[in-house]
Amino acid sequence: MFYGISLTAILVALWLTLSGPFTLSGDYPIVMGLGVISIIVTVVLTYRMRIVDRQTVPVGPAIPLFAYWGWLGGEIVKSNLAVLRLIMKPEIEVEPRLVRVAAEQRSELGLCVFANSITLTPGTVTVDVEDDGFLVHALDNSFTDPAGFAEMGARSDTASDGKKTGDR
Amino acid sequence: MSAAEIFQYARDAFSIGAMAVGLVFVIAGATGVMRLPDFYTRMHAAGVTDTLGAELIILGLIAQAGDWQTAAKLALVGLLLFLTSPTATHAIANAAHRAGQKPDLSHFKPKHPADAGSSEGQK
């Protein structure tokens with residue numbers, strides 16, 4: 001129930017942001033009415049599909065997720081500059097590597113955040129998902145630091161798991 | 001000069017700076033796609049354009065947005081890029097991996113263009 005109400009609130013805020021001034025004059029009764037109808041239909045459909053839970057409406061881990069994105073932004077800037085330096089050198093010199101990275105996240109959202117974080121930082125791309133880890137392609141062997149991957153994995157786990165209880 | 005004018009100039013300077021740096025990253029991504037040897041390494045160069053290039057240009061546009069609604073819409077576009085570009089990159093990489101494309105893992109260091117040109121001239 002809590003997640004249904006949060007989903008409705010998020011959708012209302014999104015609709016109000018995307019659709020013009022907050023008046024009820026002119027055509028706006030129709031616009032607002034269509035907004036109300038589409039929000040109700042969306043919430044009813046997601047309830048019927050039974051996918052409204054902690055992982056699809058991550059309001060619990062929202063603040064840790066935003067904090068994690070701030071840290072990830074710093075990492076992205078650092079690895080962007082590293083890739084930029086490699087590409088723009090007059091004599092290009094790279095040594096690509098294919099490495100396995102252990103993934104020990106407790107929730108599926110954590111696994112998804114970790115894999116996307118690896119892909120989002122330039123220089124490393126998640127190529128395949130295996131049972132106990134990811135297959136990662138790295139542009140140069142300077143990007144395959146196991147300690148860096150371990151830190152990113154631990155941070156994405158704590159950011160996405162929230163209260164660490166898997167219930168609704 | 002009034003405070004509003006100073007704020008205006010600071011805002012313009014910020015967005016010009018952000019968009020110029022973003023353009024540097026976009027051009028670097030395009031250069032990397034041409035210079036790097038195989039499919040997987042070229043994908044990394046395209047990632048530079050996806051992340052810092054696009055986000056810095058959007059940041060510069062947000063500073064120029066007149067009202068909060070335009071700024072919020074641009075921020076949503078940035079968030080969408082932030083969430084979807086790794087998914088798209090992974091989809092491409094995984095498709096190539098499953099199709100049997102083997103990554104070239106050898107040490108790649110071509111000759112300097114000047115040397116390469118002179119050796120060709122001697123042939």
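## The sheet in chain A

Two strands pair if DSSP finds at least two bridges between them. In this predicted model, three strands of chain A form an open sheet in the order S1-S3-S2, with antiparallel pairing. Strand S1 (97–102) and S2 stand at the edges. Each has a single partner strand, so one side of each is left without a neighbour in the sheet. Neighbouring strands are turned by 35 degrees against each other on average, direction ignored.

## How the strands join

Strands of a sheet pair through backbone hydrogen bonds, either parallel or antiparallel. S1(A) and S3(A) run antiparallel and are joined by six bridges. Here A:Ala102 has A:Gly133 of S3(A) as its bridge partner. A helix of the other chain, H3(B), packs on the sheet and touches S2 and S3 of chain A. The direction of H3(B) makes about 55 degrees with that of S2(A).

S2 (residues 124–129) and S3 (residues 133–138) of chain A pair over five bridges, in the antiparallel sense. A:Val125 has A:His137 of S3(A) as its bridge partner. Three residues lie between S2(A) and S3(A), and the two strands form a hairpin.

## Where helices cross between chains

Helix H4 (residues 108–120) of chain A packs against helix H3 (residues 68–98) of chain B. Their axes are 9 Å apart, at an angle of about 85 degrees. That makes H4(A) roughly perpendicular to H3(B). H4(A) contributes A:Ala115, A:Asn116, A:Thr119 and A:Leu120 to the contact. H3(B) contributes B:Pro86, B:Thr87, B:Thr89 and B:His90. By class, the contact has three nonpolar, five polar and no charged residues.

## Helix H3 of chain A

H3(A) covers residues 62–88, 27 residues in total. From first C-alpha to last, H3(A) reaches 38 Å, close to the 39 Å expected. Its buried residues include A:Tyr68, A:Leu72 and A:Ile76.

Methods:
Residues numbered from 1 in each chain as written. Chains lettered and ligands numbered in written order. Predicted model: local features only at pLDDT ≥ 70, side-chain atom pairs only at ≥ 80, totals over all residues. Axes fitted to C-alpha atoms, helices over the stretch in contact; angles between N-to-C directions. Helix = DSSP H or I, 4+ residues; strand = E, 2+ residues; numbered from the N terminus. Parallel < 35°, antiparallel > 145°, perpendicular 65-115°, else oblique. Contact = placed C-beta atoms within 7 Å. Nonpolar A, V, L, I, M, F, W, Y, C, P; charged D, E, K, R; others polar. Expected span 1.5 Å × (residues − 1). Buried ≥ 20, exposed ≤ 12 C-beta atoms within 10 Å, placed from the backbone.
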